[in-house]
Amino acid sequence: MFFRVMDKSRLPDLVAGLQTDFEVIGPVAKGEKFVFATLQDPDELRLDYDTTLLPPKKFFVPPTENLMEFETADNEVVSADVESSPRVLFGLHPCDINALMLMDNVFLGEYEDPYYKARRDSTLLVGVNCEPSPQCFCNSWGTDEVHWGFDIFLSDLGDRYFVSVRSVKGAELLDRFVETRDITDIDTADLQRVTAEFKASFPRHVETSQLPLLLDAKFDDAVWDELGERCLSCGACSMVCPTCYCFDVRDKLSADGKTGERTRVWDSCMFSEFAEVAHGHNFRASSSSRVKYRYYHKQWGYLSKFERVLCVGCGRCERACKADISPRVVIDALQKGATVR
Amino acid sequence: MSTDAYKQLRANPYRPWPARITSITELTETEKLFEFRLIDEEVREAFEFDAGQFVEVSIFGVGEAPISISSAPSKQGFIELCVRRAGDVTSALHNKQCGDIVGLRGPFGRGFPFEEMKGHDVLLVAGGLGIAPLKSLINHIHDERHDFGRVTILLGAKNPSEILFRKQFDMWKHREDFDLIMTVDQPDDSWDGEVGLVTKLFDRLDVDATSTFGAICGPPVMYKYVIDEMRKKHMDADRIYVSFERRMKCGIGKCGHCGVGHQYACIDGPVFNYWEAMNLQEAI
């Protein structure tokens, strides 16, 4: 990794430059909230955003995706093309970059997913530092920092950006499109100050010690029944989660029944039929068992495989939940034995 | 199939291999035994599997379903699947004719530890359709019989007409190299065998706990009781193997549907030893 300093006023130059070669996607305002969308104009970019409604996963695993087209007569695949085009995701917060790396473990590990892989390979990531919002707790998982997994990372030092460059491609684009200079000791000291202020500004810290043990030891705890009674099984938490990756596979037939598409669509373990098997037997028929499973998988199942929890503390699920269920609420209840009401 | 198509298949784990149905045998009112041959020669020769692994059967326009392989790994060139008419995909498969083409993906998952079992006694317990994956293991053991000690097979079914592979097992009942006992819950006039749950048969078993591997497959409710019997015979938890049924939509550890505790049945299983399974929440 090497470092440069870029004057803040140069940001539109960089974005406009990238737009000559790439579709540039960044946070833009949508009413009072923010979404990741393709930038038409560099001025639309809002790096002062809190959190986007949906995370960047939709650019790698779209909500609905065509896996292959088929003909039914001979059960034949007509095409299984993998679509990807050169893109830059601009302005990702550390939590969202960390979340993508957690997704990589699943989609790029054993049995590499060619659809995800193609989009990952054709997308450059430009990160930016942020300010914690009331729902943020990335500090509890150490995902408030990111040191790899991006091409360029911009740290706001007020009038300038401290630019960390991770990839050859990132270095080349920076060189081509924007004027930068070498870092000085003052820049580094300012970065340290900004980072320290950031870390001190988190409104909350979630106590996570012994969490896998607690999830097992308190598997039959009444707290899950209370959570189950509250949960609406709407799946909103999974849809807005940057690390939830479950999907369903569905075949769609054309009107004449001769051709069709096999698609995958976002799914959620919170939906009542998610764990159903043949003859309607449901391994998680109760709402409480589903709430429990979601936390169990995120804080223990994934951890057992990849040594990280499947949560980056972005707070989107808390914002989306109509029943006020959040990781903080669930983990607090497990830690303190307190009722969740 | 061209080499190019073969490469595409290899590169995309979601893309099914075309396979022709070469034989259909009606076993019961609800179960049929299908034999498939992968159409591409290169693919057919490359297809190797372990007893206990499964494939995703793909019928375009309907969907996919995970089915355990019933044929033995020692018999190459074809794949045998015992399929109960249960959902959309299995019903569509039941409506297919010999010569029709379907898709297969796999093999997926972790099977029984065949090599590890060699040199030991084996106690296999199947309930109902649970015989499907165990048949692969039984036939594999049969083909390499001299590598094993005593082989005991306990088969349970609701009634005599639901006993799968009845003809084969009726013949085997008299063999000296396999101890095979069948039992049914609801006997009819034709039945002169054992009556009762499969667990009842353990009373008469003489198990050498120091050298016996167990393998169990059946309806979810069966596992606990059969494991209890094996534990009463002092068999170690890590020598008892169970195969779990879950809806494995992708088969490759991504779609999330087959989560069992902190594992996925599709890649960490479907065969688990009891030591692993007893530490999985909501498994048994």
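**Reading a predicted model, feature by feature**

Q: P107(B) lies in strand β6 of chain B. What kind of peptide bond joins G106(B) and P107(B)?

A: Start with the general rule: most peptide bonds are trans. Now the case in this model, which is predicted. The bond between G106(B) and P107(B) is cis, with omega about 0°. Another cis bond runs from G269(B) to P270(B), where omega is near 5°. P270(B) sits in the loop between β14 (263–264) and β15 (271–273) of chain B.

Q: What is the strand order in the six-stranded sheet of chain B?

A: In general, strands of a sheet pair through backbone hydrogen bonds, either parallel or antiparallel. Here the sheet is open, its pairing is antiparallel, and the order reads β4-β3-β6-β1-β2-β5. Look at the edges next. β4 (63–68) and β5 (79–84) of chain B each have a single partner strand, so one side of each has no neighbour in the sheet. From one strand to the next, the twist averages 40°.

Q: How many bridges join β3 and β6 of chain B?

A: Four bridges link β3 (residues 54–59) with β6 (residues 101–108), and the two strands run antiparallel. To find one in the viewer, go to V57(B): its bridge partner in β6(B) is L104(B).

Q: How do I read a helix pair, and at what angle do α7 and α11 of chain A pack?

A: Two packed helices are described by the angle between their axes and the distance between the axes. In chain A, α7 (residues 222–230) and α11 (residues 327–336) pack at about 160°, with axes 11 Å apart. That angle makes α7(A) roughly antiparallel to α11(A), because it is over the cut-off of 145 degrees. The crossing is right-handed.

Q: Which residues make the contact between α7(A) and α11(A)?

A: From α7(A) come V223(A), W224(A), L227(A) and R230(A); from α11(A) come V329(A), V330(A), A333(A) and L334(A). By class, seven are nonpolar, none is polar and one is charged.

Q: How many helices and strands does chain A have, and how compact is the chain?

A: Chain A holds eleven helices and eleven strands. Its radius of gyration is 22 Å, close to the 20 Å the globule rule gives for 341 residues, so chain A is as compact as a globular protein of that length. Along its principal axes, the C-alpha trace spans about 65 × 60 × 40 Å.

Conventions
Residues are numbered from 1 along each chain as its sequence is written. Chains are lettered from A and ligands numbered from 1 in the order in which they are written. This is a predicted model: local features need pLDDT of at least 70, side-chain atom pairs count only at pLDDT 80 or more; totals for chains, interfaces and linings use all residues. Side-chain values use heavy atoms; hydrogens and water are left out. Axes are lines fitted to C-alpha atoms, for helices over the stretch in contact, and angles run from 0 to 180 degrees between N-to-C directions. Angles under 35 degrees count as roughly parallel, over 145 as roughly antiparallel, 65 to 115 as roughly perpendicular and the rest as oblique. A crossing is left-handed if the near helix is turned anticlockwise from the far one by less than a right angle, and right-handed if clockwise. Contact means heavy atoms within 4.5 Å. Ala, Val, Leu, Ile, Met, Phe, Trp, Tyr, Cys and Pro count as nonpolar, Asp, Glu, Lys and Arg as charged, and the others, Gly among them, as polar. Two strands pair if DSSP finds at least two bridges between them. The radius of gyration is taken over C-alpha atoms; the globule rule is 2.2 Å times the number of residues to the power 0.38.
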